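I opened this model to look up a handful of local features. My notes follow in the order I checked them.

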Amino acid sequence: MKILPVIMSGGSGTRLWPLSTPEQPKQFHALATQHTMIQETALRLSGAEFLKPVVICGKSHEALAVAQLGAIDFSPQAVVLEPFARNTAAVAAVAALIGEQIDPQALVLMVPADHMITKPEAFRDAISKAAPVAKDRIVTFGITPTAPETGFGYIQRGEELADGVYGIKRFLEKPNFETAQSYLADGGYDWNAGIFLFAPKVMIEELGVHEPGVLTATKAAFETAEVEGVTHLLNADAFANCPSISVDYAVMERTQRAATAPCDIGWADVGGFSELWRLGAKDGGGNHAQGSAILIDANNCLVRAEGPPVAIIGLDNIMVVSTPSGIVVAPISRAQDVKLAAEAAKKLQEIRNIEAAE
């Protein structure tokens, strides 16, 4: 059975500011390997069983996406441009519609462009096991938890449907630490990674039943898109009528045709600098440094210098990220609060733009 990879490249990555910016969010950066995250995503989904990928991204990121895939000799067979974001239910609808157009017999594998998977063969094995079930169900890939993580949603497994594939009892929001510990001890709960495998007609049918407004608006935007070569620019007027809702809320938590394929694939969403420090190569002092970094009597620090040299002297457990877009200095334990700095920087730029216009 053929698999059509649909790469979702709409993330903003505010917790990785100032490295990740609206103009060049995290999926277009090389964070843990020599390739950017969107390149890594495409590379792991290549082979005889995979069709050429489709990319869904914002209009402003078209050139970046095409150039970066071209740099690794990947030419997407379609690039769908969103005039503005409308969440993942709309993306799922577009993925199903273009999948039906390209090959209605192929399964759509909808994957984020900004995740790491260090065990690609295990991922392929999970896809292979899930494929027969995905003919009639929407399969989401649950990540076998390695710690009582409070930053992810969870999936509770139901009855076994096939080898390595289960029904879903319920989806659970991000838990507190004690609840996460109980999930880990139980063993029947997995992290919700937002990776989906489905037949186009199944997703279209379930959207039509559970969130018809998303399907109607997205279908209108797709059918009246401006097409030039492989590029489809969704009709903005039609797309504006699409409700902004996640595919989990729109479909997965309502449908009777959901399934989960738990897997251990070395997954990480690299949602912040603490995760980047954890995953990155380190020196003898536990420091992860890139660029012109100088570390003197420093331990367990993260330094990313894209410009003049950055020196850290006598400090532990801190991060310094310096790019042309800004500089952030904070304890690694406060890495999740970088999004607050990103929001403040955005407001500051808006004020400067107003002042310049006056």
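Predicted model: local features only at pLDDT ≥ 70, side-chain atom pairs only at ≥ 80, totals over all residues.

**Entry 1: cavity.** The structure holds 1 cavity of 30 Å³ or more. For the search, a cavity is a set of points on a 1 Å grid over the protein atoms alone where a 1.4 Å probe fits but cannot get out, and lining residues have an atom within 4 Å of a point. Points are joined across faces, edges and corners, and the volume is the space filled by probe spheres set on them. The largest cavity comes to about 40 Å³. Which residues line the largest cavity? I listed Thr 41, Arg 44, Leu 45, Val 111, Pro 112, His 115, Ile 117, Phe 123 and Ile 195. Helix α1 (37–44) and strand β4 (107–112) each supply at least two residues of that lining. Helices (H or I, at least four residues) and strands (E, at least two) are DSSP runs, numbered from the N terminus.

**Entry 2: ground rules.** Residues are numbered from 1 along each chain as its sequence is written, and side-chain values use heavy atoms, with hydrogens and water left out.

Entry 3: UniProt lists residues 5–281 as "Nucleotidyl transferase". Positions are in the numbering used here, feature names are shortened, and annotations may be inferred rather than shown by experiment. I then computed each span. Residues 5–281 are 35% helix and 24% strand, with end C-alpha atoms 30 Å apart. Residues 291–339 are 4% helix and 61% strand, and their end C-alpha atoms lie 23 Å apart.

**Entry 4: Thr 218.** I went to helix α7 (residues 212–223), where Thr 218 is found. Is Thr 218 buried or exposed? Thr 218 counts as buried because its relative accessibility is 0%. The cut-offs are under 20% relative accessible area for buried, over 50% for exposed and partly exposed in between, with a 1.4 Å probe and protein chains only. The side chain of Thr 218 reaches the backbone oxygen of Val 214 at 2.7 Å. Leaving aside neighbours within four places in sequence, Thr 218 is in contact (heavy atoms within 4.5 Å) with Ala 90, Ala 93, Val 94, Leu 97, Phe 239 and Cys 242.

**Entry 5: Glu 82.** Glu 82 lies in strand β3 (residues 78–82). Glu 82 has 8% relative accessibility, so it counts as buried. Its C-alpha atom is 5.8 Å from that of Leu 234, 152 residues apart along the chain. Beyond neighbours within four places in sequence, Glu 82 is in contact with residues including Ile 56, Lys 59, Val 91, Leu 234 and Phe 239.

**Entry 6: Asn 87.** Asn 87 is found in helix α3 (residues 87–102). At 34% relative accessible area, Asn 87 is partly exposed. Where does the chain come back to it? Asn 87 and Gly 10 are 77 residues apart in sequence and 8.8 Å apart in space, C-alpha to C-alpha. Leaving aside neighbours within four places in sequence, Asn 87 is in contact with Ser 244, Ile 245 and Ser 246. A polar contact of 3.5 Å joins the side chains of Asn 87 and Thr 88. A polar contact is a pair of N or O atoms within 3.5 Å; within protein, one must be able to donate a hydrogen and the other to accept it, and residues adjacent in sequence count only if both atoms are side-chain atoms.

**Entry 7: backbone checks.** I looked for a cis peptide bond and for positive phi. Trp 17 and Pro 18 are joined by a cis peptide bond, with omega about 5°. Pro 18 sits in the loop between β1 (3–9) and α1. Asn 300 has a positive phi of about 55° although it is not a glycine. Its place is the loop between β14 (288–296) and β15 (302–313), and at 30% relative accessibility Asn 300 counts as partly exposed. Asn 317 is not a glycine either, and its phi is near 60°. Asn 317 is found in the loop between β15 and β16 (318–323).

**Entry 8: cysteines.** I counted 0 disulfides (cysteine sulfur atoms within 2.5 Å) in the structure. Cys 263 is buried, with a relative accessible area of 6%. Cys 301 is buried at 0%.

Key: 1 Å grid on protein atoms, 1.4 Å probe; cavity = no way out; pocket = protein on both sides within 12 Å on 5 of 7 lines; lining within 4 Å.
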